[in-house]
Amino acid sequence: MFVITGGGSGIGRALAYALAVRQKQILIVGRREETLVETAAYSPQISYLVADVSTSKGRREIVAHIEQIEVNALEGLIHNAGVIEPIMPVATIDEASWQQVLATNLNAPLFLTQMLLAKLEQGRVLHIGSGAAHFPVAGWAAYCVSKAALAMLTRCLQLENQNLAFASVMPGIIDTDMQTT
């Protein structure tokens, strides 16, 4: 089974479709049930769970669901969930908004991976990164910083987990809701 966070739309949806065509079993996770249902309707290979990966409660719900459906091993974990807002100058961003971006873009990949390590033996973990990790954009400080930290987290996880494959990709500019924002 593959788990894709942020699987209801954009890159997550496209990844779910591509894996379903390859007859892989996929669990998509996200906050918006309507988009998850739309994505899951594409194939019986795709199931969904409404959960917020930015919270410890949401991550526990994901792990409990995987246990409940008796998945013993995960072939892959794709951390695609991400937020770009608020878009505002560094001088005006508030702490709660800053922390929310970090909770989704950085903390969720770290802590959900930790929670699923035992099921990922010989598996793969993919982080959907961004060129913004390496090239600053005015007003995007929280997003840029979170994606830069995610790139380093990927490298640290790989260094410490030789039996797993970790990668971070920069997909470029893609016509998604986030790009519209």
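Predicted model: local features only at pLDDT ≥ 70, side-chain atom pairs only at ≥ 80, totals over all residues.
User: Which residues of α3 are buried?

Analyst: Helices (H or I, at least four residues) and strands (E, at least two) are DSSP runs, numbered from the N terminus. Buried means under 20% relative accessible area, exposed over 50%, and partly exposed in between, using a 1.4 Å probe and protein chains only. In α3, the buried ones are G58, R59, I62, V63, H65 and I66. Seen down the axis, these buried residues fall within an arc of 160°, so they line one face of α3; the arc is that of the directions from the helix axis to the C-beta atoms. On the other side of α3, K57 and Q68 are exposed.

User: How do I check the length of α3, and what covers its buried residues?

Analyst: The expected span of a helix is 1.5 Å times one less than its number of residues. Helix α3, residues 56-68, has 13 residues and reaches 18 Å from first C-alpha to last, close to the 18 Å expected. As for cover, contact means heavy atoms within 4.5 Å. By that rule, β1 (2-5), β2 (26-30), β3 (46-50) and α4 (95-116) are included in what covers the buried residues of α3.

User: Where do the buried residues of α2 sit around the axis?

Analyst: Helix α2, residues 33-40, buries T35, L36, T39 and A40. They cover an arc of only 135° around the axis, which puts them on the same side of α2. The buried residues of α2 pack against α1 (10-21), β2 and β3. Take L36 as an example: its relative accessible area is 0%, so L36 is buried. Leaving out residues up to four places away in sequence, L36 touches G7, G8, I28, V29, G30, Y48, L49 and V50.

User: Now the strands. What does β4 pair with, and in which sense?

Analyst: Two strands pair if DSSP finds at least two bridges between them. Here β1 and β4 pair in the parallel sense over 4 bridges, with F2 having G76 of β4 as its bridge partner. β4 and β5 also pair in the parallel sense over 4 bridges, and I78 stands opposite L126 in β5. The chain gets from β4 to β5 through α4, and this β-α-β crossover is right-handed. That label applies if, with the strands pointing away from the viewer, the path from the first strand over the helix to the second runs clockwise.

User: Are the faces of β4 covered or open?

Analyst: Both faces of β4, residues 76-79, are covered: G76 and I78 lie on one side, L77 and H79 on the other, and all of them are buried.

User: What does H127 touch?

Analyst: H127 lies in strand β5, residues 124-128, and counts as buried at 0% relative accessibility. Not counting residues up to four places away in sequence, H127 touches H79, P109, L150, T154, L157, A167, S168 and V169. A polar contact is a pair of N or O atoms within 3.5 Å; within protein, one must be able to donate a hydrogen and the other to accept it, and residues adjacent in sequence count only if both atoms are side-chain atoms. The side chains of H127 and T154 make one at 2.5 Å.

Technical notes:
Residues numbered from 1 in each chain as written. Heavy atoms only, no water.
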